[in-house]
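Colleague: I would like to go through this protein with you. Can we take it one question at a time?

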Amino acid sequence: MRTPFIKSALFSVTVIPGLAAFAGCGAGPSESKMTSYSATETKADTASLFTVPPDQMAHIQVVPVEKARLPRLLRLTGSAAYNAFKTTPVFSPIGGPVHEILVAPGETVHAGQSLLTVNSPDYSVARSAYSKARDAFFLADKIYNRSQDLYSHGAIAEADLQQAESLRAQAQADMQSTEDALRALGLKDPEALIKNPQKVTSQIPVIAPVGGEVVERLVGPGQLLMPGATQIFTISDMSTVWVLVNVYQSDLAYVHPGDSVDITTDSYPEVFHGKISYIAPALDPTTRTLQARIVTSNPGKKLKKDMYVTASVQAGAIRDALTVPDAAVLRDTENQPFVYVQSGSNQFARRLVKVADSQGGRTQVTDGLKEGERVVGDGGLFLQFKNSLQH
């Protein structure tokens with residue numbers, strides 16, 4: 001983007017020795033000042049007007065300040081967050097102390113996988129109640145079937161059959177109630193407790209409700225869990241993440257849902273791509289900014305929660321922006337931007353300016369210049385050295 005600037009810098013390297021020799025012919029500055037002017041220049045060295053000999057004007061390119069249509073690029077700062085639509089907090093449905101942790105943060109789990117085991121007295125009670133209710137139902141069912149057979153042969157009265165039917169219905173309701181209690185504890189198949197009695201213990205696993213990456217573990221071995229209240233893990237699909245950025249009030253008109261965004265971070269060289277999906281309805285009263293949410297793909301799961309990022313939004317264009325070549329803008333020892341303005345055929349003055357974004361090799365100047373003024377485009381470093389020699 002700043003090729004002219006680099007050219008001028010290389011050019012100044014070849015010109016400086018000759019210029020130093022030229023200055024040595026007269027009562028010029030000392031050799032030490034000529035080779036280190038950029039580090040020692042003061043406000044006195046930034047004269048309002050100085051002259052360049054006509055034979056040295058070939059080293060300078062003078063260009064006019066022009067109006068141009070520049071793409072408006074907003075750079076918004078923010079941080080990465082989990083995609084809340086693809087993130088699930090896992091709460092323990094079981095009360096009791098944690099016996100063993102079976103997964104660790106960073107692991108990918110599937111729905112139904114055991115995350116940890118709990119020594120649960122509630123599980124022991126529910127399992128015992130289910131076993132008793134199941135046996136009672138099977139017995140009531142046999143009695144009812146036998147009563148039907150006896151009634152068909154006239155061996156018992158209809159009232160006896162109805163009583164057997166009622167006892168069977170009550171036993172079935174009790175069994176279903178105990179089944180529901182076990183399912184609430186995470187057991188999808190209570191019948192497996194009866195089929196595999198050798199595996200029955202007081203420990204019960206907590207099952208992953210969804211698949212994804214375990215991004216947080218919030219409990220440890222021995223910790224007492226409260227059923228339905230203790231969060232134990234967070235599982236998230238990290239293939240996409242949210243980027244939450246702050247939009248200044250002055251930029252609100254240029255940011256819209258659906259806008260494409262390029263996201264960069266100091267951690268990686270590549271650019272991540274996303275779109276604005278939501279803009280908050282109210283400003284933050286402290287920062288006077290509005291939060292925008294960007295959904296971005298996360299290849300390699302490189303974007304991490306709370307990682308600082310910069311989001312670049314193409315927000316239309318700036319019409320009639322005053323621009324100069326990138327190489328025309330230099331920096332003083334206080335990092336203030338300035339340009340050299342031509343005031344005569346070979347006379348120049350340094351002028352402080354305010355600049356905005358740079359696009360396509362041109363920099364927008366928001367203050368300090370007017371359209372039509374002529375500035376040094378290429379060769380600014382040569383003038384900066386020449387200016388120091390004259391002071």
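**Sheet, helix and cores**

Modeller: Strands S5 and S7 pair antiparallel, over three bridges. Bear in mind that this is a predicted model.

Colleague: Which residue in S7 stands opposite valine 98?

Modeller: S5 and S7 run in the antiparallel sense. The residue in S7 opposite valine 98 is valine 118.

Colleague: In what order do the four strands of the open sheet lie?

Modeller: The pairing in this sheet is antiparallel. S8 and S10 (224-225) stand at the edges, each with a single partner strand, so one side of each lacks a neighbour in the sheet. The order is S8-S7-S5-S10.

Colleague: How far apart are the end C-alpha atoms of helix H4, and what span should its 32 residues have?

Modeller: H4 covers residues 121-152. At 1.5 Å a residue, its 32 residues should span 46 Å. The end C-alpha atoms agree with that, at 47 Å apart.

Colleague: What covers the buried residues of H4?

Modeller: The buried residues of H4 include Tyr123, Ala126, Tyr130, Ala133 and Phe137. Residues three or four places apart on an α-helix point the same way, because there are 3.6 residues a turn. Arg134 and Asp141 are also among the buried residues of H4. The cover includes helix H5 (158-184), helix H6 (191-195) and strand S8 (203-207).

Colleague: Which residue takes a positive phi just after H4?

Modeller: H4 ends at residue 152. The phi just after H4 is about 75°. The residue is glycine 154.

Colleague: Which element gives the most to the largest nonpolar core?

Modeller: This core has 30 residues, and Leu115, Leu116, Ile232 and Phe233 have the most contacts inside it. Elements giving two or more residues to it are S5 (96-101), S7 (114-119), H4, H5, S8 and S11 (231-236). The top contributor, with six residues, is H4.

Colleague: How many residues are in the second, separate core?

Modeller: Tyr82, Val247, Val309 and Ala311 are among its members.

Colleague: Is threonine 363 buried or exposed?

Modeller: Threonine 363 is found in strand S21 (residues 362-367). The cut-off for buried is under 20% relative accessible area. At 2% relative accessibility, threonine 363 is therefore buried.

Colleague: Which side chain makes a polar contact with that of threonine 363?

Modeller: The polar contact is 2.5 Å. It joins the side chain of threonine 363 to that of aspartate 326.

Colleague: Which residue in S21 is the bridge partner of lysine 354?

Modeller: S20 (residues 354-359) and S21 run antiparallel, joined by four bridges. They form a hairpin with two residues between them, and glycine 360 in the turn has a positive phi of about 60°. The bridge partner of lysine 354 is aspartate 367.

Colleague: Which residue in S21 does threonine 323 stand opposite?

Modeller: S16 (residues 308-325) also pairs with S21, antiparallel and over three bridges. Threonine 323 stands opposite glutamine 364.

Notes
Residues are numbered from 1 along each chain as its sequence is written. This is a predicted model: local features need pLDDT of at least 70, side-chain atom pairs count only at pLDDT 80 or more; totals for chains, interfaces and linings use all residues. Side-chain values use heavy atoms; hydrogens and water are left out. Buried means under 20% relative accessible area, exposed over 50%, partly exposed in between (1.4 Å probe, protein chains only). A polar contact is a pair of N or O atoms within 3.5 Å; within protein, one must be able to donate a hydrogen and the other to accept it, and residues adjacent in sequence count only if both atoms are side-chain atoms. The expected span of a helix is 1.5 Å times one less than its number of residues. Contact means heavy atoms within 4.5 Å. A nonpolar core is a set of buried Ala, Val, Leu, Ile, Met, Phe, Trp, Tyr and Cys residues joined through side-chain atoms within 4.5 Å. Two strands pair if DSSP finds at least two bridges between them.
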